[in-house]
Amino acid sequence: MPVRLRMAIHGRRHNRIFHLVAINQRTRRDAKPMELLGIYDPTLKLGDTHKTVKWSVDRIKYWLGVGALPSKSVVKLLECGGVLPPDSKYHPKISGP
């Protein structure tokens with residue numbers, strides 16, 4: 001069973017919250033995941049200067065260690081957060097001419 005680390009969308013329109021989940025890659029986007037790994041809230045609250053990200057680094061590294069593949073957006077988020085190095089094997093390769 002191939003496992004992916006990807007985002008699941010929750011919340012109302014214009015007020016979305018994204019859950020970072022470990023899920024079977026053949027299931028739909030918002031299906032019940034195997035495990036909830038983190039929450040990303042891209043909206044800025046009044047007085048905040050940064051977007052909110054809460055995640056379990058140990059569980060993310062566990063899933064990557066057992067062979068789960070992250071999506072492109074998850075790779076970007078993990079690289080910005082310092083969980084993955086910028087030149088990791090999951091980083092999408094730029095194909096040239």
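These are my notebook entries on a predicted model, taken from the overall fold down to single residues.

**Ground rules**

I number residues from 1 along each chain as its sequence is written, and I leave hydrogens and water out, with side-chain values using heavy atoms.

**Entry 1: overall fold**

I looked up the secondary structure and found two helices and five strands. Helices (H or I, at least four residues) and strands (E, at least two) are DSSP runs, numbered from the N terminus. Along the sequence I read the pattern β-β-β-β-α-β-α. The C-alpha atoms fill a box of roughly 40 × 30 × 30 Å along the principal axes.

I then asked how much of the protein is buried, meaning under 20% relative accessible area, with exposed over 50% and partly exposed in between (1.4 Å probe, protein chains only). Of the 97 residues, 32% count as buried. The protein exposes about 6,900 Å², and carbon and sulfur atoms supply 55% of that area. Accessible areas come from the Shrake-Rupley method with a 1.4 Å probe, and for residues only the protein chains shown count as cover.

I also looked at contacts (heavy atoms within 4.5 Å). Among those between residues at least 6 apart in sequence, 31% join residues at least 24 apart.

**Entry 2: charges**

I have 18 positive and 7 negative charges, and their mean positions are 8 Å apart. Lys and Arg count as positive and Asp and Glu as negative, with His and the chain ends not counted. I place each charge at NZ of Lys, CZ of Arg, CG of Asp or CD of Glu.

How many salt bridges are there? I count two, where a salt bridge is a side-chain nitrogen of Lys or Arg within 4 Å of a carboxyl oxygen of Asp or Glu.

One of them joins the side chains of Arg 59 and Glu 35 at 2.8 Å, N to O. This pair links distant parts of the chain, with Arg 59 in helix 1 (residues 57–65) and Glu 35 in strand 3, 24 residues apart. Arg 59 is partly exposed at 32% relative accessibility, whereas Glu 35 is buried at 18%.

I found another between the side chains of Lys 45 and Asp 41, at 3.1 Å, N to O. Lys 45 is partly exposed at 42% relative accessibility, and Asp 41 is buried, with a relative accessible area of 12%.

**Entry 3: Met 7**

Met 7 sits in strand 1 (residues 3–12). Is Met 7 buried or exposed? I list Met 7 as buried, because its relative accessible area is 16%. Leaving out residues up to four places away in sequence, I find that Met 7 touches Phe 18, His 19, Leu 20, Arg 29, Tyr 40, Ser 73, Val 74 and Leu 77. Met 7 and Ile 39 are 32 residues apart in sequence, and their C-alpha atoms are 9.1 Å apart.

**Entry 4: Ile 17, Leu 36 and a nonpolar patch**

Which residues make the nonpolar surface patch? I note Ile 17, Leu 36 and Ile 39, with a patch area of about 220 Å². Patches are made of residues with over 30% relative accessible area and no salt bridge, joining like charges within 9 Å and nonpolar side chains (Val, Leu, Ile, Met, Phe, Trp, Tyr) within 5 Å.

Leu 36 belongs to strand 3 (residues 35–41) and is partly exposed, at 45% relative accessible area. Ile 17 is in strand 2 and is partly exposed at 30%. Ile 17 touches Ala 8, Ile 9, His 10, Ile 39, Tyr 40 and Asp 41, again not counting residues up to four places away in sequence. Ile 17 and Met 7 are ten residues apart in sequence and 9.6 Å apart in space, C-alpha to C-alpha.

**Entry 5: helix 2**

In helix 2 (residues 72–81) I list Val 74, Val 75, Leu 77, Leu 78 and Glu 79 as buried. An α-helix has 3.6 residues a turn, so residues three or four places apart point the same way. The buried residues of helix 2 pack against strand 1, strand 2, strand 3, strand 4 (52–55), helix 1 and strand 5 (69–70). Gly 82 follows helix 2, and its phi is positive, near 85 degrees.

**Entry 6: His 14**

His 14 lies in the loop between strand 1 and strand 2 (15–24). Its phi is near 65 degrees, a positive value in a residue other than glycine. I count His 14 as exposed, because its relative accessibility is 72%.

Technical notes:
This is a predicted model: local features need pLDDT of at least 70, side-chain atom pairs count only at pLDDT 80 or more; totals for chains, interfaces and linings use all residues.
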